[in-house]
Amino acid sequence: MSVELDVFVGNTTIMDKEVYQLWLNGYTVNDAVKVRIEGGVMEECEASAEVLLSDTMDQYRTFQMCERLLHHPAKLANQLLFQIPPDRQAMLIERYYAFDDLFVREVLGKKLSKGTKKDLDDVSTKTGITLKSCRRQFDNFKRVFKVVEELKGPLVENIRQHFLLPDQLARDYAAIVFFANNRFETGKKKLQYLTFQDFAFCAGQLINNWTLGAVDNMMEDMDVDLDKEFLQDLKDLKILITDKDLLDQHKSLVCTALRGKTNVYNEMEANFKNLSRGLVNIAAKLINAKDVRDFFIDLVEKFIEPCRSDKWTSIDMNLYLTHYTNSAHILDTFKHHAVWTRYMGVIKSCILRLYHD
Amino acid sequence: MPGKLKAKIVAGRHLPVMDRASDLTDAFVEVKFGNTTFKTDVYPKSLNPQWNSEWFKFEVDDEDLQDEPLQITVLDHDTYSANDAIGKVYIDIDPLLCSEAATVISGWLPIYDTIHGIRGEINVLVKVDLFNDLNRFRQSSCGVKFFCTTSIPRCYRAIMVHGFVEELVVNEDPEYQWIDRIRTPRASNEARQRLIFLMSGELQRKIGLKVLEMGGNAVVGYLQCFDLEGESGLVVRAIGTACTLEKISTFPATATHPSNSSPSKDMKEPVFGEEAPGVPLSSGPPTPLRAQTFSSFSPSKSYSRQSSSSDTELSLTPKTGMGSGGSAGKDAGPLKALLKQQTQSALEQREYPFFTLTVFPPGFLLHVGGVVSARSVKLLDRIHNPDEPETRDAWWEEIRQEIKSHAKSLGCHAVVGYSESTSICEEVCILSASGTAAILSSRFMQDGPLDTELRLSQQPLCVFSTGSERVEGDMGSSASLGFEEVVSPGCGFCHIPYDELNIPFPAQLTYCYCCRRYKVPDVLFTTIDLPTEASVTGKGCLIQARLCRTKKKAQGEVNATAISNLLPFLEYELHTQLMNKLKLRGMNALFGLRIQISVGETMLLGLASATGVYLTALPSPGGIQIVGKTPSDITYEQHISNMQKKINDTITKNKELYEINPPEVVEEIIGSPIPEPRQRSRLFRSHSESSDDVSEIDLSHGKKDAFVLEIDDTDAVEDIHALLTDSPTPAGFYSCNTEIMPGIQNWTSAIQMFTSVRVFRLNANLTNQGLNKIFSDLCENLLKSLYFKLRSMVPCCLCHLNFTVAIPEDELIQVAVTAVALSFDKEQTLENGKQSGEKTPIKAITENDEQLQFNLELNAETSSSSISPKGLSEVGSHPSARAPSVDYSSFADRCSSWIEQLKLKAHTIRRGSVKTTSSMEKASPLPEGRSRSLRSNRSYSGSSVAVVKMTPLSFIPGAKIIKYLGIINMFFIRETSSLREEGGVSGFLHTFIAEVFAMVRAHVAALGGNAVVSYSMKECVFMENPNKNQAQCLINVSGDAVIFVRESELELTSVQPQSATTQTSNGGEGT
């Protein structure tokens, strides 16, 4: 005796949040049943394992049927096949597009290509996230990327509207898209200590300040590409390190300001030229796409690591960067105030965010 | 040329990609009605085309309008090859033909393909301009309203209930035509779908004509079924109850009561006047029937009690005269009946005093006799003219005659809760019919207003002997005369309709536990819903009897004989099981009893479902006592006593669970002394007498207090085990297969309709017992799954649990369930139960407007009931003479029949009393309105889809139905040749059922509705061939499209917001 067919269809589609999560996590039906049994739902509802299995299979089927719609969340509201209350729709979408920080760290900044997808089984073994779930998350990234790539207007807003995502999730996706588009390197060992949220924060800064959309949000160009003109202008900052006088002047201004206010004054003073060279060189190189990719590596190598080895505190860092930025404006021969501000504003907040253990 | 159908194709969305190269589609639309076809322009390269076509106009006969569906085909234009069909939409335009239903069909409808399922949606507008045609010879019946609902629809009142209508049409099944060998599965499926659409339309039109002929304007309890006979054809048949309905014009119920005092003049006259031109009175044969129609109205005009009774008397005398001899006259009946029949042949449809209704206006149902049913086994390959309906008509006629005579033998002149069904396996077909023998009130016809007046003043009713004589014409027993006196508080309808000294079957009578004056049986089985006014102790529950019987594989006559021989045993066992389970739950009555017998190659399957309750008027059921056959063995004794203990424990537990604690002792004291001993002795006598057929199905088994189960073999032990394995419903759940659950009133607005289907593969060579266990477990597990699925709705009640079983092929059992889960508010449950007594008098008054407008045209009953019943055993055999095919048996199961007497207290617990929960609705203002998304044609318009509720019940808790938009009757076929890719059989069927729901909802929304009530899935035929990776499924669903408004909203909106409320589209809210 065996069950050949077993379906349950409600006029209002019944979806169990817990099972949905198990499905999203890529559990097989049997594993999901195990998890549910351990969760104690059986005792609660006087159910048997058989009932649980039937229910789980049924739910899985429903989710599979819905998945097609979840790829275009706007369709979910317009489709006729499933009658799902609006709050449930929102839940389905939000959870479907939610991702694991562990996973996203693995693919952040990588090209969302077939090649990367092929490597997902490695990611899966490394992170302990099921391959199925990895694929879903990867496909989500790719789908969002493809849609917003072609669109005009603000990135976050586009994502929110097309995928009906809550604000925070839309911002995260914007970061992922931005990273994928600019191919920022995030996988190097030195960057391993950084979380996705660290990068997402930086991405937000970059999007808001360095892209074309940042200057003129009425412009129809995209948020995903950095403002070329700005990058071009950044080369002018080189004067801060190439002009010996300017460099010395800058150093003395900063040292004056910081003296007595920090415990790492000596180290700072000793390292000033190196640090400044580091930051300005990063700026000057950003015009090359290849160097853009190394932006975070460079930040860490050229600035964060030296400071960390000198045991700067966050407060020291903040103090230093503030004065470093402001002092430049006082230099008489330095003319590129606007570019400097635009550059250092982002750099400062990024470094402050990235400066932790 | 009395009609102009206009259609406009607005737009499409979510179309599939038909051109791989461009990932787009060049779509255009063909609009076809009858033989006329129009086309839209091609909208190139879009998945969301905007055709915005002109109005396509079809000038057609209204006959065609009724028969034909509007067929919309979406195609992909292809320059070089043939255009590819994307899919089709069939639109039933019947709802537009009735002025009171929908006026326009407008909205997004799924484009359906039988191979690919739903492929996008199309936005259409359809209207009909109908020119009135008063031609009396017309073939159309536009304007007759159809309702699946088996009660008087919520916003109507019945002026007259005319009676039974039936029709049957036959056609060759396209699947079995020679051409099917060369055409594609898609073409074949579409031919089938279209044919069934046409046949349904034709059927409905023909029934409508009968209704018009009877002088009615509506069919209530319309039940349409398909018989896929295979080679011999495809049968579409329908039954229903013809009525004259009148829309309740005043909007809130409370507004109607001022008019209570003299509603007869206010309301009846205009209706009658209006109807007169519409119904060509002269065209009908000048039978007494017409005369009576008049006479029934005249008293209300004259407002005179005397004249009313005499009037009717006059018109009825010629018909009922012969029956007045009472039970003694039964033998003299047949001859006269024959004569009668000849004169009445023109009124064939009125031959049967049957009513498909299961819920009745208060006071309509006087007595319930018990369940009557009949079955007959037929061979389909013996039909002489398979293309003609005559043979099938004759088959059903036999069965109906049998039912009628069973009812008569119970002293009843009518059958209510009547339904018919078939089960087909290869060339064998089992026809079944069942209903509840009953006596209905006729006085509403003449004395309605007076009666109501009396009710209002709470006086006992005077005896209208004329009325009673007429109704109980052929029984005329003392009992029937007697109950007239008691009718007043509503207690009368449960007294035994048959003569106490002449009981047609052994039953145990006691005096009613409510009024102590009239006799009631110990147990009552019925197919109707629990009457709203019935007083019930505790709560009810679903009771199922399940049975499998193996049979040998055989062909033709041998097979038919084998089946007919098995049937009575099957029924007997089902009844025994039902009875045992009923006792086990400490209950004494079953409502909504539905026995389904399904036939397969190697087995018969029987499933009886009903809702058990404890009727306060009936005696408390005794326990179950087990008696062993070998008393000497001590261990055996012990075993028995163990079992006995278990049973007793279960009964106690159940009584607690269902809150059955009748105030037995108190009643006993108050009540008049009952001559109990005499009763008993007489009963024993009747028990011992029974030796014929009937005795087999005698379930009363003699003794009162302990229901004795004899254990004489292992079978019986198994039975008892089975009895105890029924697991109780989990906490917070109740279940019933009727519309309402007694004892629960405060429903919330949370409803969840669902369909669940399971197919089991059996191992070969199972014994009866093994099969029984498997089948029983299958049903139990299904129920358990449902409870688990719906656990978030607790506390809740699964209502209208409708199980259908089938044997799709050898070794497969299919069980399909459709039901609705209703949440209720636990807090108030207890209070309400106690308060209802005080609250309800007010309600009783408000209901009176309904009562007094209710009339029954009883001539059919009285005339036909004059055919006297022959011996019961005879009935089974006599129709075979007429049948052209081999008739192997028509089985009267005439199982058990009981009557009950109910105490109608001052209150009537109506279904409507859910009103009390209206305050809760505010918490969840769902977007009920319909979004007319004509403008929002872009897929990202943000307009969400309007919510459409579906329910198998005739009402929506916490809401008021303000308009019926027409009947929904849809038939779909889905086929696949890539079963695995679509997720196997479960994936395939899951998608299909979801698609069917979606299409029903879309069509309802397009009619302007926001709910389907009385929804049912009548057919779900699933066939698979996993080896070929193929499957096919046919589904037929029906229901009534309605507009409802939440009662909380009702209070806010002013009177007459019908159009206003529905048009304010708050559908956008759902984003």
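**Exercise 1. Find the residue of strand 25 of chain B that stands opposite A:Gly10.**

Solution. In this predicted model, A:Gly10 stands opposite B:Phe754, which belongs to strand 25 of chain B. The next step is to look at the strands themselves, where a strand is a DSSP run of E with at least two residues and a helix a DSSP run of H or I with at least four, both numbered from the N terminus. Strand 1 of chain A and strand 25 (residues 747-761) of chain B pair in the antiparallel sense over eight bridges, pairing being assigned if DSSP finds at least two bridges between two strands.

Residues are numbered from 1 along each chain as its sequence is written, and chains are lettered from A and ligands numbered from 1 in the order in which they are written. Local features need pLDDT of at least 70 and side-chain atom pairs count only at pLDDT 80 or more, while totals for chains, interfaces and linings use all residues, and side-chain values use heavy atoms, with hydrogens and water left out.

**Exercise 2. Describe the contact between chain A and chain B.**

Solution. Begin with the residues: 39 from chain A and 55 from chain B take part in the contact, which means heavy atoms within 4.5 Å. Next comes the area buried between the two chains, about 4,300 Å², with 58% of it given by carbon and sulfur atoms; buried area is the accessible area (1.4 Å probe) that two parts lose on being put together, summed over both. Then turn to the charges, for which the rule finds five salt bridges across the interface of chain A and chain B, each a side-chain nitrogen of Lys or Arg within 4 Å of a carboxyl oxygen of Asp or Glu. One of them joins A:Asp55 to B:Lys789, whose closest N and O atoms are 2.8 Å apart. On the side of chain A that touches chain B, strand 1 (2-10), helix 3 (41-45), helix 4 (49-70) and helix 5 (73-78) each supply at least two residues, and helix 4 of chain A gives the most, with 10 residues.
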